[in-house]
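Try each task before reading its solution.

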Amino acid sequence: MEVIIDYFSTIPSSHRSLILVSGITFFWLLEYANPLFKFKYKKFKHAWPNIFFTLTTIVINFFLAFILLKTSDWTVESKFGLLQWLEFPLWATIVLGVLLLDFTGAYLAHWVQHKIKPLWMFHLIHHTDNHVDTTTANRHHPGESVIRFIFTTLGVFILGAPVGIVMLYQSLSVVFSQFNHANIELPKKLDDIISWVIVSPDMHKVHHHYVLPYTDTNYGNIFSIWDRLFGTFAKIRNEEITYGVDSYPDVDSNAHIVKLLKLPFKGYRPPTGGKFD
Ligand SMILES: [Zn+2]
């Protein structure tokens, strides 16, 4: 345990990039081997806007990282925050830290973006992908990257999370997001069993169904406990899923980087609940 935390406390940026690239590569290859949906799309062409938005996410997090690190260092030095006050054994501190950072940095940040319209306008870009695969994981408008960063920093502050736990959480978060967005089919039983603990691919796909109320369910990223605890867990059969957002049916616009960047500043479109092809 100590070795893990020591490693993540001083993890070089190059290793973090390597985790992200290895994750995408691994799930990308699995998508060829065992796809959930046989999309009629050009995989590389589809990936391009998503990779662009992954890069903007990396750049924003790179420039804001010092705020996260300073917050973490301050809480540890000042003995401030839940983890500092509890003084649990190291393994329990790590588990609780990752669990609660997953709540604030992912579940809560995500839920809030679905409930507050101006924030939804940024998060919308993530949902407009009509072919969800592992590259969709970090398809975040730069505005959303900032929103998520604020929530993660708030979580680190309240928890008093040491930097090793923060970096471990962020690395797990990237890989889990790539995993639960991947267009892969796990044996149904296995998917069901793991969805009691972690967010499985089938579980997260429900969140990308194009109509409410499904879009407003399964907000979790690493652990499924938050959705089960707060009553936002839902299931539908994979065959019933259509990806996208009902009020944004134009597949070409949904792959156009400049249009996507401008989308939050255009007018809000209420849900239609309708069908599109
Ligand atoms: Zn969402």
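**Exercise 1. In which loop is the place of P89?**

Before the solution, two notes on the model. Residue numbers start from 1 along each chain as its sequence is written. The model is predicted, so local features need pLDDT of at least 70 and side-chain atom pairs count only at pLDDT 80 or more, while totals for chains, interfaces and linings use all residues.

Step 1. Find the loop between α4 and α5: P89 sits there. Helices here are DSSP runs of H or I with at least four residues, strands are runs of E with at least two, and both are numbered from the N terminus.

Step 2. Count neighbours. P89 has 8 C-beta neighbours inside 10 Å and therefore counts as exposed. The scale is this: buried needs 20 or more other C-beta atoms within 10 Å of the residue's own, exposed means 12 or fewer, partly exposed lies in between, and C-beta atoms are placed from the backbone.

Step 3. Pick a partner to compare. E31 is 58 residues from P89 along the chain, and their C-alpha atoms are separated by 40 Å.

**Exercise 2. Describe the overall fold of the protein.**

Step 1. List the elements. The protein has 12 helices and zero strands.

Step 2. Check the size. The radius of gyration, taken over C-alpha atoms, is 18 Å, close to the 19 Å from the globule rule for 277 residues, so the protein is as compact as a globular protein of that length. That rule is 2.2 Å times the number of residues to the power 0.38.

Step 3. Along the principal axes, the C-alpha atoms fill roughly 55 × 45 × 35 Å.

Step 4. Look inside. Of the 277 residues, 40% count as buried. Among contacts with a separation of 6 or more, 76% come from residues 24 or more positions apart; a contact means C-beta atoms, placed from the backbone, within 7 Å.

**Exercise 3. Find the backbone features to inspect in the loops.**

Step 1. Start with the background: most residues other than glycine have a negative phi, and most peptide bonds are trans.

Step 2. Go to K79, in the loop between α3 (43-77) and α4 (82-86). K79 is not a glycine, yet has a positive phi of about 50°. K79 counts as exposed because it has 10 C-beta neighbours inside 10 Å.

Step 3. Move to E87, in the loop between α4 and α5 (90-115). E87 also has a positive phi of about 50° without being a glycine. Its 9 C-beta neighbours inside 10 Å make E87 exposed.

Step 4. Finish at the peptide bond from L212 to P213, which is cis, with omega near 0°. P213 is in the loop between α10 (201-207) and α11 (225-229).

**Exercise 4. Follow L101 into its helix packing.**

Step 1. Locate L101 in helix α5. With 25 C-beta neighbours inside 10 Å, L101 counts as buried.

Step 2. Name its partners. Beyond neighbours within four places in sequence, L101 contacts T152, G155, L159, A161 and Y169.

Step 3. Describe the helix pair. The axes of α5 and helix α7 (residues 142-159) come within 9 Å and cross at roughly 145°. Axes are lines fitted to C-alpha atoms, for helices over the stretch in contact, and angles run from 0 to 180 degrees between N-to-C directions.

Step 4. Sort the residues. The contact of α5 with α7 has eight nonpolar, six polar and two charged residues. Here Ala, Val, Leu, Ile, Met, Phe, Trp, Tyr, Cys and Pro are nonpolar, Asp, Glu, Lys and Arg are charged, and the others, Gly among them, are polar.

**Exercise 5. Characterise the packing of α2 on α8.**

Step 1. Compare axes. Helix α2 (residues 13-33) and helix α8 (residues 163-181) have axes that come within 9 Å and cross at roughly 15°. That makes α2 roughly parallel to α8 (under 35 degrees is roughly parallel, over 145 roughly antiparallel, 65 to 115 roughly perpendicular, and the rest oblique).

Step 2. List the contact. From α2 come R16, I19, L20, G23, I24 and F27, which meet S171, V174, V175, Q178 and F179 in α8.

Step 3. Classify these residues: seven are nonpolar, three polar and one charged.

Technical notes. Two residues are in contact if their C-beta atoms, placed from the backbone, lie within 7 Å.
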